[in-house]
Amino acid sequence: MTRQADDTGDRSGATRSEMSGTAGAVIQARDISGGLHVHHAGPRTQDPDVPVPRQLPAAPRDFTGRATELHDLDGMLAAAEQAPALVVVTGTAGVGKTSLALAWAHRIAARFPDGQLHVNLRGYDPGRPLLPGEALHRMLTALGVPAPAIPAEPDAAGALYRSHLAGRRVLTVLDNAASAAQVRPLLSAGPGCLTLVTSRRHLGGLAVRDGAQGLTLRPLPEPDAVALLRATTAGRRAGDDASQLTELARLCARLPLALRVAAERAVSRPHLSLGDLLADLRDESSLWETLSMGDDGEDGDEDGVRAVFAWSYQALPEAEARLFRLLGLHPGPDFSLAAAAALAAGPPRATRRLLDALAGVHLLEQTAPDRFELHDLLRAYATDRAHAEMRPDERDAALGRVLTWYLLTAEAARAYVRPDGVELPLPRPGDGTAPLSFTDYDAAVDWTERERVNVHAATRAAAGARLHALAWQLPVVQWRGSIRAAPLAEWTETARLGLAASRALHDRHAEAWVLRCLGEAHRRAGRLAEAEECHRQVLVLRRELGDRKDEAAALNSLGLVLLTRRRLDAAVTHFAQALDAYRELGLPRWVAVELANLAAAHYEAGDLTPADEYAHRALAAYRDLGDELGEGSVLRTLSGIQRERGEPAAALESARRAVDIAVRRRKSTSEGLRLLALGAAQRANGLFDEALSTYDRAAAVHRRIGDGGREALAWHGTGETCRALGRAGEAAAWHRRGAARFHELGDPWHEAVALDGLAAAVRAGDPDGARGHGEAALALLAGYGDRRTAALRDGITARLGSAD
């Protein structure tokens, strides 16, 4: 997992070497593709390569009644014409909020031609609710944002989401919300969009602060409840007495969820009279009333639902009942056939038959060809049955099987996503834990993305069960195999659980692995001090353990952080030490990585001769290895070297090849970084219009992934290009904007370069202002001593002197 100082899109130490101009300073940037617009853009249009999202689950087949509520919702729809509309449907568990929301959403879908999004926020699952950042990740992916381009920070992801909805008509259904705070970051900002929320709580804050319109759903009127029973049993039972159907509806508290389960129970006994079935249900209801004495409020409705669950559960054959219990132990909100088979330690074909049987009696819902989930009340009931009817060792074995299955399958996916040759000490597959296998990269990435939430949940379950080895292995394998696009907050939470688990085991090797991954996550999030501290701890641990290869990896990781913090001499020292270690160990892949990192560090320092030497050695090494991605990263560095050496044509060719590789290999973050190098090369060749277009793409990509620093680099490049075109006013605006962003980010070196560009743009019309910007830039550079900074400082001083 050793990384090089390039364009991997995760703050991998790729220093920003694109800013050239009055001082000759160069700043390398990070990766993306999109559009910063120098001129006013027209109305937003749908990208023809991105399918319009149609995420609404199927409307319930036997949806009955609710005519008044549908009419009320239709009346609320008019608000979406002039402002972003927000509708909140509330009501007790099982009352049919989701069914109503989906029935209405399908009814009005044609009003929203730009797509329909759907997210289950899981506000009432036994596990924790979905975090806003996780929900934004899912919605942005559906809107066509490549997963690596999604910001890790929720605020940036929210801003990107609102940007993508601007000028569009999109319907968003947020099901099972826990709180207003969970919903608010997911709201659209422009007219033409509608957000439909369901929740058991009233979410009054959304009405007060966000103008939400509310609809409270009550249990079905008795005639509608009876009609739902008849609709569900139609053609499968005959001759049921109307009065008995009415009593059945009452015993089900007139809640649609309970009515459907009860109807399926009746259908499964077509020759048993409804009177006998009612007698059984009355007995079960009495039991639940006894167990819930003292409860009040809406819980009485839930008790009625649970009585129906028990009535239906007790009629299951033992194999189906056992699987239902086991599903209550699954750590995440939904699951695949393979995960269910791991829980049951059974063959997939037999497990599939049992799942189909449970879905047939409404004790389970199939949401996609290989996705299943339990309603949160059913999940709670299944968990209750597991603890009541299974021995502790049985429960522990089942949980261990499914957690191990997630771990080993995540590792199998990792082998495709990031095949770095580094092996972790993992358990061997046993009964029920044989992992999935993957035939290609895309399948592995798809599994990693689809099961991300479940792997997080598996880590929490392992920590809760004191399965310490699994608790540290799961987050490490997940980080190593991720495409680094998932929200960082959730992974960091589970990584801290893994760190505690490694320390509980007194396993220094495990602790070093978790700290290494945490350090990389901190670096990606821009928390560089925390990243440096993590990697320094890793280096100490690796030296204590005497593992030369892992020590080299720690040296490299620390070097990347130092490079990003512009402590360039220290970065070079760490990369050189790692290079020596990898040479001793005979690891040519990692030798190439360190050569590339040394090229980048020397280039950033302005030492072009060693930078050029290391770049060509790295390029040759990557070509010998057949590593095209590594080759592309070096070409981007080499382009900057060639441009500064006065070889603009060669610089342009290198940058174009680097971008082409990133595009061909679908590495959008690398593409963005390399676009900045391409823009600089185009400018050096006098291709100013092309450069503006390239910077436009680069800024938009960095905006999409939430990398404000590299977006600012694109602004600076646009400013330099505008100044070359004689458009000083536009240039000044772009430089001023970049300087402000760098100031916000606490990046004084790049702020100084932007201020120097601003001084050049305004010098003719505002010499006093130019002097002030130059003096401010000099003050910001006081803490840096590398050759590039010295040249920049000398240039600013000379320009200030010539202005006197």
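Modeller: Happy to. On one side of the contact, α23 brings Lys-549, Asn-556, Leu-560 and Leu-563, and these meet Trp-590, Val-593, Glu-594, Asn-597, Ala-601 and Glu-604 in α25. Sorted by class, that contact has 5 nonpolar, 2 polar and 3 charged residues. Please keep in mind that this is a predicted model. An α-helix has 3.6 residues a turn, so residues three or four places apart point the same way.

Now for the geometry. Helix α23 covers residues 548-564 and helix α25 covers residues 588-605; their axes are 11 Å apart and the packing angle is about 25°. Angles under 35 degrees count as roughly parallel, and α23 and α25 are therefore roughly parallel to each other. The crossing in which α23 passes α25 is left-handed.

The crossing of α3 and α4 is left-handed. From α3, the residues in contact are Gly-133, Leu-136, Met-139 and Leu-140, and they meet Pro-154, Ala-157, Gly-158, Leu-160, Tyr-161 and His-164 in α4. By class, this contact of α3 with α4 has 7 nonpolar, 3 polar and no charged residues.

Tyr-622 has a relative accessible area of 0%, so it is buried.

Thr-789 sits in helix α35 (residues 787-802), and it counts as buried because its relative accessibility is 0%. The Thr-789 side chain makes a polar contact of 2.7 Å with the side chain of Trp-749. Apart from neighbours within four places in sequence, Thr-789 is in contact with Arg-566, Trp-749, Leu-781 and Tyr-784.

Elsewhere, helix α12 (residues 318-327) has 7 of its 10 residues buried, so it is largely enclosed by the rest of the structure. The buried residues in α12 are Glu-320, Ala-321, Leu-323, Phe-324, Arg-325, Leu-326 and Leu-327.

Glu-373 lies in strand β8 (residues 371-373), and it counts as buried because its relative accessible area is 14%, where the cut-off is under 20%. A polar contact of 3.2 Å joins the Glu-373 side chain to that of Arg-122. Leaving out residues up to four places away in sequence, Glu-373 touches Asn-120, Arg-122, Pro-333, Asp-334, Phe-335, Leu-364, Glu-365 and Thr-367.

Finally, here is the wider setting. The protein chain has 35 helices and 8 strands, and 58% of its 804 residues are buried. Of the contacts between residues at least 6 apart in sequence, 72% join residues at least 24 apart.

Definitions and conventions. Residues numbered from 1 in each chain as written. Predicted model: local features only at pLDDT ≥ 70, side-chain atom pairs only at ≥ 80, totals over all residues. Heavy atoms only, no water. Axes fitted to C-alpha atoms, helices over the stretch in contact; angles between N-to-C directions. Helix = DSSP H or I, 4+ residues; strand = E, 2+ residues; numbered from the N terminus. Parallel < 35°, antiparallel > 145°, perpendicular 65-115°, else oblique. Left-handed = near helix turned anticlockwise from the far one by under 90°. Contact = heavy atoms within 4.5 Å. Nonpolar A, V, L, I, M, F, W, Y, C, P; charged D, E, K, R; others polar. Buried < 20%, exposed > 50% of the residue type's maximum accessible area, 1.4 Å probe, protein only. Polar contact = N/O pair within 3.5 Å; in protein donor to acceptor, adjacent residues only side chain to side chain.
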